[in-house]
Amino acid sequence: MSSEDSVEATSGVQDNPVPERLVGDLPTMYCFETCPFCFKVKALLGSRGIAYSKVEVDPTFKNQLKWSDWRKVPIFVDSDGTQVNDSNHILHYIDAKNGSLFPRAGEDPEQDRWMEFSNNVLGKSIVAVIYASYWTSVRALDYVTKVDRFSRTSRLVNKWLGAVIMRMVGKSRAKMFDLPPRENLEFQLDKMSEGIRGGFFGGEQPNGADYANFGILRSMQGLNGFDIVEGHPVISAWYGIMMQKSGV
Ligand SMILES: N[C@@H](CCC(=O)N[C@@H](CS)C(=O)NCC(=O)O)C(=O)O
């Protein structure tokens, strides 16, 4: 295969290290400020006290990811240049290198199930609520106007065009569920509560499912629909403890 051929992007640990993508010689995360999947990783890094650099990627054009075949955030580049793609893979990679405090993928079906739930159900449920109207979408994207590294044009396009795009994504996510967006999120939080036993999905200590689902909900804080999380009898208490543990 010639180097011109396109390479299929894969999740997980990549074969080719990219030490040139590190910032300040620290583990570096490529992310969007409000990305739910990125918050999973920020929560785990925070709870383990791992110092890292962040590269803010512009959500519309993703100019800062031109070097990568994997065109989504988060991408984690470890201090030795190891590139890891996809949030759940990154959680496992970081935990495995820092004490292995929770089971690896395939070792605990319940943890696997709730980590998948974070992507397939919870992540999609919150998007339908956050981007429920054009104006709630503008509110969610307002942060781009404060990213100093983005040009003025990029800030404007990302906010106003980004809101149109995300409103469309919100609509398509809403169609995936039988209930309207707010009611669906309440329903999913009830379902999630069934997995939290002894304080956490992991029992007495958080496991990958705690970081995965907490990260998703943390990305909603300050945005449309976060009152649903705050008002939930089980999830609000768990959320508060996860926030303290992770410091995000
Ligand atoms: N399964 C991936 C999903 C990542 C994802 O969809 N990230 C969004 C941001 S929240 C993204 O990069 N979207 C840009 C795109 O898909 O082009 C993960 O868990 O990391």
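Two exercises on a predicted model follow, each with a worked solution. Residues are numbered from 1 along each chain as its sequence is written. Local features need pLDDT of at least 70, side-chain atom pairs count only at pLDDT 80 or more, and totals for chains, interfaces and linings use all residues.

**Exercise 1.** Work out which residues surround the ligand and which helices contribute to the shell.

*Solution.* 
- Step 1. Phe32, Cys35, Pro36, Phe37, Arg71, Lys72, Val73, Pro74, Asp86, Ser87, Asn88 and Asn119 surround the ligand.
- Step 2. Find the elements giving two or more residues: helix H1 (36-47) and helix H2 (87-97). Helices (H or I, at least four residues) and strands (E, at least two) are DSSP runs, numbered from the N terminus.
- Step 3. Sort by class. The shell has 6 nonpolar, 3 polar and 3 charged residues. Ala, Val, Leu, Ile, Met, Phe, Trp, Tyr, Cys and Pro count as nonpolar, Asp, Glu, Lys and Arg as charged, and the others, Gly among them, as polar.

**Exercise 2.** Describe how H1 packs on H2.

*Solution.* 
- Step 1. Read the geometry. The angle is about 10 degrees, and the axes lie 9 Å apart. Axes are lines fitted to C-alpha atoms over the stretch in contact, and angles run from 0 to 180 degrees between N-to-C directions.
- Step 2. Classify. H1 is therefore roughly parallel to H2 (angles under 35 degrees).
- Step 3. List the contacts (C-beta atoms, placed from the backbone, within 7 Å). Phe37, Lys40, Val41, Leu44 and Leu45 of H1 meet Ser87, Ile90, Leu91, Ile94 and Asp95 of H2.
- Step 4. Sort them by class: 7 nonpolar, 1 polar and 2 charged residues.

Notes:
A residue is near a molecule or strand if its C-beta atom, placed from the backbone, lies within 6 Å of it. Angles under 35 degrees count as roughly parallel, over 145 as roughly antiparallel, 65 to 115 as roughly perpendicular and the rest as oblique. Two residues are in contact if their C-beta atoms, placed from the backbone, lie within 7 Å.
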